[in-house]
Amino acid sequence: MNKIFLTVDTECHDIRKENQYIWGKKNGREYGIGRILELGKQYEIPVNFFVDFAEERRYGREYIQRIIDKIKQYNQPIFLHLHPNFISGDESRTFLWEYDKEEQEFLLQEGIGIYTEIMGKSPAAFRAGRYGVDKNTYDLIDELMPDIVELSYTGGYDKMCHIQCEFVNTVNHYSKYKSLKIMPNSNYVALDFFGKRKTVGIDTSEMSLIEFKEFLEEADGKDFVLTMHSWNFIDRYFWSETHVGNHRTNERLFRGMVDLAKKYCYSFASIEGYDFDAEGADSDIKYNACDTVGKKI
């Protein structure tokens, strides 16, 4: 209990913009994964990197190896992330659930193979690209990666994740499916007015400090996942393929979240080696930010 799993999806959707997605190098400084690693070292916290090993098929071994070598310099854990289109080559199908079971098996085997060859071991945790799993995916993961910690499930993101809350009986806390230890990507209800409801992730760039504080109070010591991406601290312009800088707002938000977490007696943990218990919905966290709108105003 009282653990936060900080995860970083490390991915590049356009190799021409590798610096904007991964490194954020400018004037001798780095605002991408290098900055995340430095802050992890400064705060002495584990940072769980989910690297899209599938990109090796398109961008080459040297590209992936540079990322792995950088993370290893800081002794941070590295897990398997997988966007299937980088293996299939089909840009019209970017979710695993868009492939039939036989196709998914091939894609997962390829991803596991790349990870194992580079890392020299089997992955201890997995997250699908865009959270795009379904029951077929879970059955295959159970066969191919038994006992793994699975972090693809995201309640309230029905268009992306095709595992329903009722199937795993949880929103934000532990659950199990066969041998899989399911640790959901934590989320909350950000909008709930006049029939419109929007779910947002517990993310270092998507929620305010006030909402994060309220979520910590609602969590009351229960473990949860805090997500971010390799580009969170990189200031980018949508119209420029080269501009990078320091996204100071996101970095301040991150620092504020870490400080708040410690104030509420939370510590940050590595997924690898952690003893996950399948407590399920009995120990769930359900936070609706709209319940306190009047108080905020």
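These entries cover a helix pair, the nonpolar cores and one more helix.

**Entry 1: a helix pair.** I worked from a predicted model. I took helix α6, residues 101-119, and helix α7, residues 135-144. Their axes come within 10 Å and cross at roughly 45 degrees. I noted the crossing as right-handed.

Next I listed the contacts. On the α6 side I found Lys101, Gln104, Glu105, Leu108, Gln109 and Ile112. They meet Asn136, Thr137, Asp139, Leu140, Ile141, Glu143 and Leu144 of α7. What is the make-up of this contact by nonpolar, polar and charged residues? I got 5 nonpolar, 4 polar and 4 charged.

**Entry 2: the cores.** I then turned to the largest nonpolar core, which has 82 residues. Which of them touch the most other members? They are Phe53, Phe126, Tyr138 and Phe224. Helix α6 gives the most to this core, with 7 residues.

I followed up Phe224. Leaving out residues up to four places away in sequence, I found that Phe224 touches Lys3, Ile4, Phe5, Met183, Ser186, Ile202, Phe212, Phe215, Leu216, Ala219, Tyr266 and Ile285.

**Entry 3: helix α9.** I looked up which residues of α9, residues 209-219, are buried. They are Glu211, Phe212, Glu214, Phe215, Leu216 and Ala219. Among these, Phe212, Phe215, Leu216 and Ala219 also touch Phe224. Asp220 follows α9, and its phi is positive, near 50 degrees.

Conventions: Residues numbered from 1 in each chain as written. Predicted model: local features only at pLDDT ≥ 70, side-chain atom pairs only at ≥ 80, totals over all residues. Heavy atoms only, no water. Axes fitted to C-alpha atoms, helices over the stretch in contact; angles between N-to-C directions. Helix = DSSP H or I, 4+ residues; strand = E, 2+ residues; numbered from the N terminus. Left-handed = near helix turned anticlockwise from the far one by under 90°. Contact = heavy atoms within 4.5 Å. Nonpolar A, V, L, I, M, F, W, Y, C, P; charged D, E, K, R; others polar. Buried < 20%, exposed > 50% of the residue type's maximum accessible area, 1.4 Å probe, protein only. Core = buried A, V, L, I, M, F, W, Y, C linked by side-chain atoms within 4.5 Å.
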